[in-house]
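The following exercises ask you to read local geometry from a model and to follow each solution step by step. Please keep the structure open while you work.

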Amino acid sequence: MKVARVALDVPLYEAFDFLLPEGLEAPLGTLVVVPFGRTRKVGVVVGHSEASAVPVERLRQVERLIDDIPPIPGETLGILEFCAQYYQRPLGEVVAASLPPRLRQVSRRRLAAKGSRPAAPALPAPAPAPNPSLAQSAALALIQEPGERFHPVLLEGVTGSGKTEVYLQAIAAALARGRQALFLVPEIGLTPQLESQVRERFPGAAMACAHSQLNEGERARAWLDAQSGAARIVLGTRLAVLMPFRELGLVIVDEEHDASYKQQEGLRYSARDVAVRRAQRLGIPVILGSATPSLESVANAREGRYAHAVLAERVAAGAAMPAIRTVDTRADRPQEGISHALALAMRERLGRGEQSLVFVNRRGFAPVLFCRDCSWHASCTRCSSNLVLHRREGRLRCHHCGHMERVPVACPTCKGPNLAPIGHGTQRIEETLAALLPGARIARVDRDSTARRGALQDVLDRVRSGEIDVLVGTQMLAKGHDYPNLTLVGVLDSDAALFSADFRAAERLFAQLVQVSGRAGRGSRPGEVLIQTDFPGHPLYAAVARHDFARFASGALEERRAAGFPPFGHLALLRAESKVPGEATAFLARWALAAHDISAEVEVFDPVPASLERKAGYERAQLMVRSGSRAAMQPFLRSWKSAIAAGGERRVRWSVDVDPQEL
Ligand code: ADP
Ligand code: ZN
Ligand code: ZN
């Protein structure tokens with residue numbers, strides 16, 4: 001009897017046994033169609049055996065192999081198994097998450113491509129590159145010298161210091177060694193420039209893009225091309241780290257600190273951490289780049305586990321770091337969101353034909369609709385949050401659950417007419433600026449204005465060609481873009497993050513301010529950044545103004561050490577939600593008790609409400625556990641999760657979040 005163990009995308013932790021019909025060979029990694037209940041499913045063979053715990057009369061047969069898709073290579077299966085174990089998820093779910101949807105369908109047209117790699121094409125030389133600066137050469141030497149072995153490098157470089165150029169030259173070297181390169185970016189929609197930059201540099205090397213905005217056919221194509229080796233460079237978002245490769249020789253994680261590398265539902269993995277682990281298993285170099293690296297990576301570099309390359313200055317001739325100043329909004333009170341100082345600076349730019357960017361990290365018109373007579377405000381009935389006013393659509397919208405309603409003409413409580421929008425979103429600032437700067441060509445960039453595919457690219461092209469004077473937008477504007485004529489950045493409403501309960505909030509604010517400041521003065525004209533704040537003396541703003549990330553990081557690391565937070569302690573959350581009040585918390589309290597019995601080396605906290613306490617009608621709570629040692633945390637989590645799963649809880653939805661990014 002030949003039994004195949006098949007990983008299926010069902011919420012159970014074990015793989016399933018199926019009989020292999022006589023004469024059918026299904027090597028590890030093979031995609032197979034199997035009967036499941038009354039339906040059929042696509043699964044992946046993850047093991048073989050001669051026997052099964054399932055009685056033979058109840059074993060069902062593998063129906064057929066999907067033979068036009070080459071088996072998932074052993075190395076890729078290995079990293080998927082690692083993810084399943086480390087993040088406490090079923091292997092079948094992890095495998096499914098790594099497969100493009102098209103390849104998971106039971107019935108689909110056969111794919112034209114076969115697995116064999118096209119005869120190794122002689123690569124035409126890359127397009128000419130600028131001569132690397134001294135700092136870039138030093139960074140490249142640090143990356144290349146150890147040769148092809150596991151070798152993590154933290155590339156810490158201020159915005160505009162030429163990190164991208166270092167990546168490109170490292171890719172060139174990997175391609176020349178006959179290797180594939182994986183280039184991860186936080187959000188591909190935000191970096192269309194990067195895609196054309198890579199294509200232009202390597203005209204002879206096929207590149208595949210991998211991100212969620214691709215259609216199903218394109219995603220399947222990219223997966224198959226990475227797997228066969230036809231694609232020499234894969235540029236993608238976090239999901240690309242789980243793709244199969246034939247001869248991967250380099251991994252790059254750009255903006256490695258970015259929160260979007262962590263998936264926030266299902267398989268809650270950190271693509272950055274998985275990238276490092278994968279490079280380690282493969283024995284290849286990995287580059288983590290950022291102007292504001294995560295404190296975890298800073299600690300790794302300072303303690304010598306990662307090599308550390310620093311690009312301290314902007315590289316382009318004449319480009320200097322922008323001058324960063326705070327505007328004291330207690331004295332210079334903003335009118336409709338914009339202070340006098342910022343308005344003045346923008347008028348100056350307009351007069352000189354230069355561009356400005358106003359950063360306000362909140363979309364919509366106003367975050368609150370408020371009754372001046374009775375203090376009623378519009379809130380979501382399903383979430384513990386306000387409804388955001390989208391005035392042009394005449395709607396109130398919940399940004400958490402998507403709930404929408406018409407804007408009331410009178411207060412629903414006192415029937416009074418005095419409803420007023422409070423606070424500023426991108427739409428409102430856009431209107432303010434239109435009134436303030438008559439004749440200026442203004443464009444808004446946020447998730448609403450760029451919902452259509454290609455819309456973001458259109459706006460960014462217009463900025464580059466000088467058709468836009470003023471950009472207003474959310475953090476979508478903070479990353480990656482390079483506009484030589486943009487010389488002013490205004491930052492609105494960033495104070496809230498100074499006082500957040502989340503221990504990562506300050507780190508994130510610092511990164512965001514550095515990123516958005518980095519858009520100013522990338523050409524030969526100097527840049528200026530004005531941060532509107534009620535707390536102009538706050539040390540975080542002072543450190544941003546001094547461009548002193550190193551000192552900020554030292555201070556923040558000391559606080560983390562004192563509090564036992566990452567990277568000095570390892571965290572996991574048990575998250576729970578239920579429609580019945582109190583049930584999620586009661587569930588967590590039960591499992592907190594059980595946790596005490598499982599391990600003495602893990603500290604168990606009390607259940608607390610989630611930062612968004614109610615979402616889409618569910619009451620949400622979480623329980624934190626912490627350990628000084630990863631070696632103790634992992635087996636603890638395995639036993640704990642297994643016990644909870646065996647508990648058969650039906651009313652509470654729960655999940656384990658390992659190394660949580662958001663508390
Ligand atoms: P970063 O990724 O660190 O923000 P970039 O790689 O985008 O910086 O580089 C900033 C600018 O400097 C780009 O316009 C790039 O073409 C240019 N540049 C990079 N390296 C060099 C170099 N060695 N000599 C001249 N210009 C360079
Ligand atoms: Zn009222
Ligand atoms: Zn809601």
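**Exercise 1: the ligand site**

Task: Work out how ligand 1 is held by atoms of Gly-162, beginning with the backbone.

Solution: A backbone N or O atom of Gly-162 lies 3.0 Å from an oxygen atom of ligand 1. In the side chain of Thr-164, an N or O atom is 2.8 Å from an oxygen atom of ligand 1, while a nitrogen atom of ligand 1 lies 2.8 Å from a backbone N or O atom of Asn-131. Taken alone, ligand 1 exposes 560 Å², of which the protein buries 72% (areas by the Shrake-Rupley method with a 1.4 Å probe).

This is a predicted model, in which local features need pLDDT of at least 70 and side-chain atom pairs count only at pLDDT 80 or more, whereas totals for chains, interfaces and linings use all residues. Residues are numbered from 1 along each chain as its sequence is written, chains are lettered from A and ligands numbered from 1 in the order in which they are written, and side-chain values use heavy atoms, with hydrogens and water left out.

**Exercise 2: an arginine**

Task: Is Arg-504 buried or exposed, and which side chain does Arg-504 join through a polar contact of 2.9 Å?

Solution: Arg-504 has a relative accessible area of 4% and is therefore buried (under 20%, with a 1.4 Å probe and protein chains only). The side chain of Arg-504 makes a polar contact of 2.9 Å with that of Glu-296 (N or O atoms within 3.5 Å, one able to donate a hydrogen and the other to accept it, residues adjacent in sequence counting only if both atoms are side-chain atoms). The side chain of Arg-504 also reaches the backbone oxygen of Gln-661, at 3.3 Å.

How values were computed
Buried < 20%, exposed > 50% of the residue type's maximum accessible area, 1.4 Å probe, protein only.
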